[in-house]
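Good morning, colleagues. Please keep the sequence and the model in view.

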Amino acid sequence: MTRDRYLGILLMIAALLLGIVTIQIDYTPMTDDPGPKLFPLFACAILILCGLGLLIQSKPRRQELIVDKSYWIKLALVFAGLIAYGLMLWLIGFKIATPIMLFFFYWQMSQKGQFSLLAALIYTAISFAIIYSFFQYVLGSYLPEGILF
């Protein structure tokens with residue numbers, strides 16, 4: 001099996017486990033808010049689709065995954081970014097924190113020497129517009145405004 005297939009299986013297992021934990025959330029709706037289960041279940045569905053895509057489209061390759069110091073540094077930065085995003089949502093709100101983190105994640109996921117500032121800004125703008133529109137207009141849900149603004 002290739003690395004992509006292992007990753008696909010891992011993504012689907014993680015999504016199923018997250019889905020099981022999410023379903024166990026006890027919630028009594030008081031408003032028209034969709035509740036705390038909706039976003040994690042969407043994320044689970046997306047992870048399962050991505051895992052299936054990796055399984056279906058993976059092709060045998062000779063290239064091995066190189067796990068060196070730079071790999072672990074990049075992984076640590078991504079996890080630190082997730083923690084920072086949670087703090088930024090609380091402090092400065094969704095409208096400021098989300099574009100910053102989208103840009104950061106694009107930068108972290110770009111190949112070495114392949115980062116394009118223009119592409120990152122376009123990706124950030126389009127992704128933010130889609131995410132914001134979905135939560136604001138389709139779901140009609142509350143987005144964190146932050147305590148500083």
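Thr98 is buried, its relative accessible area being 4%; here buried means under 20% relative accessible area, exposed means over 50%, and partly exposed lies in between, with a 1.4 Å probe and protein chains only. This is a predicted model, in which local features need pLDDT of at least 70 and side-chain atom pairs count only at pLDDT 80 or more, whereas totals for chains, interfaces and linings use all residues. Residues are numbered from 1 along each chain as its sequence is written, and side-chain values use heavy atoms, with hydrogens and water left out.

Where does Thr98 lie? Thr98 belongs to helix H4, residues 94-109. Helices (H or I, at least four residues) and strands (E, at least two) are DSSP runs, numbered from the N terminus. If neighbours within four places in sequence are set aside, Thr98 is in contact with Tyr85, Leu89 and Phe128, where contact means heavy atoms within 4.5 Å.

Let me place this in the whole chain. The protein has five helices and zero strands, and its pattern along the sequence reads α-α-α-α-α. Of its 149 residues, 23% are buried. Among contacts with a separation of 6 or more, 62% join residues 24 or more positions apart.

I turn to the nonpolar core. A nonpolar core is a set of buried Ala, Val, Leu, Ile, Met, Phe, Trp, Tyr and Cys residues joined through side-chain atoms within 4.5 Å. The largest such core has 14 residues, and Tyr85, Phe94, Ala97 and Met101 touch the most other members. At least two residues of this core come from each of helix H3 (69-91), H4 and helix H5 (117-138). Which helix gives the most to this core? H4 does, with six residues. Tyr85 itself touches Phe94, Ala97, Thr98 and Met101, not counting residues up to four places away in sequence.

Next, the helix pairs. Two packed helices are described by the angle between their axes and the distance between the axes. The axes are lines fitted to C-alpha atoms, for helices over the stretch in contact, and the angles run from 0 to 180 degrees between N-to-C directions.

H3 and H4 have axes 9 Å apart and pack at an angle of about 175°. H3 is therefore roughly antiparallel to H4; angles under 35 degrees count as roughly parallel, over 145 as roughly antiparallel, 65 to 115 as roughly perpendicular and the rest as oblique. On the H3 side the meeting residues are Lys74, Leu77, Val78, Gly81, Leu82, Tyr85, Met88 and Leu89, and on the H4 side Phe94, Ala97, Thr98, Ile100, Met101, Phe104, Phe105 and Gln108.

The axes of H4 and H5 come within 9 Å and cross at roughly 135°, so H4 is oblique to H5. Contributors to the contact include Phe94, Thr98 and Tyr106 of H4, and Leu117, Phe128 and Tyr132 of H5. This crossing of H4 and H5 is right-handed; a crossing is left-handed if the near helix is turned anticlockwise from the far one by less than a right angle, and right-handed if clockwise.

Ile122 also sits in H5. Is Ile122 buried, exposed or partly exposed? Ile122 is partly exposed, with a relative accessible area of 43%. Its C-alpha atom is separated by 9.5 Å from that of Phe103, 19 residues apart along the chain.

The aromatic residues deserve a moment. Rings of Phe, Tyr and Trp (its six-membered ring) pair if their centres lie within 6.5 Å; planes under 30 degrees apart count as stacked, over 60 as edge-to-face and the rest as tilted. By this rule there are 10 aromatic pairs. One of them, Tyr132 with Tyr137, is edge-to-face, at 6.2 Å centre to centre and 85° between the planes. Tyr132 is buried at 18% relative accessible area, whereas Tyr137 is exposed at 62%. Phe94, Phe128, Tyr132 and Tyr137 form one aromatic cluster.

The axes of helix H1 (residues 3-23) and helix H2 (residues 38-57) come within 8 Å and cross at roughly 160°. H1 and H2 are therefore roughly antiparallel to each other, and H1 passes H2 in a left-handed crossing. Leu10, in H1, counts as exposed at 53% relative accessibility. From C-alpha to C-alpha, Leu10 and Ile48 are 9.6 Å apart in space, and they are 38 residues apart in sequence.
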